Amino acid sequence: MPSIRDRVAFITGASSGIGRATALAFAAEGTKLLLCARRADKLEELATEIASTHGVAVHTFSLDVQDRLAVNAAIEGLPEEWRKIDILVNNAGLSRGLAKVYEDDSQNWDEMIDTNMKGLLYVTRAVVPGMVERGLGHVINLGSTAGHITYANGTVYCATKAAEKAISEGLKLDLMGTPVRVTSVDPGMVETAFSEVRFRGDTERAAKIYQNITPLIPEDVADTIVWAATRPARVNIHTIVMTTIDQGNSLVFHRRG
Ligand code: 8X3
């Protein structure tokens with residue numbers, strides 16, 4: 001397995017869930033970590049944990065990927081030793097609300113589109129030219145089963161993930177002739193704060209989503225991301241769709257009991 005020791009992985013939305021688990025999984029491979037999220041305090045805690053358990057270098061900064069100017073300034077302003085990003089994990093993303101599209105609050109749409117689509121594009125635009133210039137790089141985008149099959153009341157969230165699929169495919173085509181790789185990792189249900197965020201802290205409603213189902217855990221997805229990143233340089237893993245054994249696609253679940 002090709003080593004990613006001392007490579008630099010940049011993970012957005014790294015303070016919790018899949019982003020956090022991915023940071024820890026890369027740290028176990030000896031990969032240096034550039035981590036951002038909106039919440040700086042959580043990132044600091046994670047950086048301290050990683051430094052003490054794995055001893056790899058970690059640099060953190062607070063960033064809202066929705067803010068294009070802030071994204072550009074953050075990437076341009078990176079300390080010299082952190083400028084060479086080898087692996088970009090576009091993980092920052094969220095869902096807001098579960099409602100009929102003709103009744104939904106348009107603020108929910110703005111937040112999802114600005115983060116999941118535009119934020120991913122802004123970060124990609126800021127980081128990928130350096131990868132092309134250096135002749136080394138791998139972009140790993142977080143998609144979803146929701147980008148493959150649309151479910152009721154989730155139209156705009158599903159649309160952002162369908163867009164992620166199109167962006168990943170298009171980016172791969174645009175990078176043809178360069179050694180930069182593009183992978184989309186598309187999980188179904190994962191036990192994270194995803195549903196709590198979707199329902200704005202309504203933990204009871206969020207818990208019902210995972211009732212009588214064993215969801216994936218963030219470490220399952222992190223493991224897959226690291227797997228994709230450690231294939232030989234000639235191998236480009238395009239898309240990985242992964243679900244718990246209890247999920248058939250974004251519409252079909254097997255609830256026990
Ligand atoms: C998360 C999967 O099905 O909860 O992207 O929307 S789902």
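**Helix 4 and what follows**

I looked up what covers the buried residues of helix 4, and the list includes strand 1 (8–12), helix 3 (68–76), strand 4 (87–90), strand 5 (138–142) and helix 5 (155–174). Contact here puts C-beta atoms, placed from the backbone, within 7 Å. Helices (H or I, at least four residues) and strands (E, at least two) are DSSP runs, numbered from the N terminus.

The model is predicted: local features need pLDDT of at least 70, side-chain atom pairs count only at 80 or more, and totals for chains, interfaces and linings use all residues. Numbering starts from 1 along each chain as its sequence is written.

I checked burial next. Buried means 20 or more other C-beta atoms within 10 Å of a residue's own, exposed 12 or fewer, partly exposed in between, with C-beta atoms placed from the backbone. Buried residues of helix 4 include Met112, Thr115, Gly119, Tyr122 and Val123.

Just after helix 4, I found glycine 135 with a positive phi of about 70 degrees.

**Strand 5**

I found five of five residues buried in strand 5. His138, Ile140 and Leu142 lie on one side, Val139 and Asn141 on the other. In a regular strand the side chains alternate between the two faces of the sheet.

Strands 4 and 5 run parallel, joined by four bridges; pairing needs at least two DSSP bridges. Asparagine 90 has asparagine 141 as its bridge partner.

**Ligand**

I listed Ser144, Thr145, Ala146, Gly188, Met189, Phe194 and Ser250 around the ligand. Near means a C-beta atom, placed from the backbone, within 6 Å.

Technical notes: Contact = placed C-beta atoms within 7 Å.
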